[in-house]
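Work through the exercises below with the model open. Try each task before reading its solution.

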Amino acid sequence: MRIERVSNDQFTIFLTFDDLIERGFTTHELWNDVKNAGNLFSEMMYEASSELGIELEGMLLVHVHLMQAQGMHVYVTQKIEHTNWDEDFIEMKVTLDESNELIFSFQEFEDLIQVATYLANVSITGGKVYYMNERYYFLLQDDELNMSYKENVIAILSEFSSPSIVTSARLNEYGKVIMKNDAVDQIIDKFY
């Protein structure tokens, strides 16, 4: 679990799927078991409070973004309101959403070239490629995936790259677009 302070009243928490499994959770449980999800969020808030040295009180606005291959990115904003609540009481308003895209980060473009051949073999032709902070990012939308091969695609990409917590919005804002669409087809055409 990685915790980062964004401002005086905001921080983020990133948990990989391995972190969730270590804590005894699956993504299915997060969506369907409110009690266990509440326990997980309470535990995360306690850890964040300890690690960042902040006192959490009042209302916490928690936005959870589940990323298909990467894990869970939690954005927390603290709204301190003067109320007469018990000092140990924190109100959380939690919003859950799930990403419809896969984003993987590559150190070398050559690794992306190798991945393209494997992806082409499972009928993946699309994708976008970005360059940012000396890394290449490959983005696939759900509609570009053959969902029956989704786990295989994630496994193939994981062999040559790392799941990225960088969002597509950040890539669009700060990254350079190398291939706007049909990245796998373009790579195969140019390099094979």
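**Exercise 1: The chain overall**

The model is predicted: local features need pLDDT of at least 70, side-chain atom pairs count only at pLDDT 80 or more, and totals for chains, interfaces and linings use all residues. Residues are numbered from 1 along each chain as its sequence is written, and side-chain values use heavy atoms, leaving out hydrogens and water.

Task: state how many helices and strands the protein chain has.

Solution: Count the DSSP runs (helices H or I, at least four residues; strands E, at least two; numbered from the N terminus). The protein chain has seven helices and ten strands.

**Exercise 2: The sheet**

Task: find the strand order of the five-stranded open sheet.

Solution: Step 1. Read the order: β9-β6-β8-β7-β10, with antiparallel pairing (at least two DSSP bridges between two strands). Step 2. Locate the edges. β9 (162–163) and β10 (176–179) each pair on one side only. Step 3. Take one pair. β6 (residues 101–106) and β8 (residues 135–141) are joined by six bridges. Glu101 has Gln141 in β8 as its bridge partner.

**Exercise 3: Ser105**

Task: is Ser105 buried or exposed, and which side chain makes a polar contact with that of Ser105?

Solution: Step 1. Step 2. Check its cover. Ser105 is buried because its relative accessible area is 6%. Step 3. Find the partner. The side chains of Ser105 and Arg135 form a polar contact of 2.4 Å. A polar contact is a pair of N or O atoms within 3.5 Å; within protein, one must be able to donate a hydrogen and the other to accept it, and residues adjacent in sequence count only if both atoms are side-chain atoms.

Definitions and conventions: Buried < 20%, exposed > 50% of the residue type's maximum accessible area, 1.4 Å probe, protein only.
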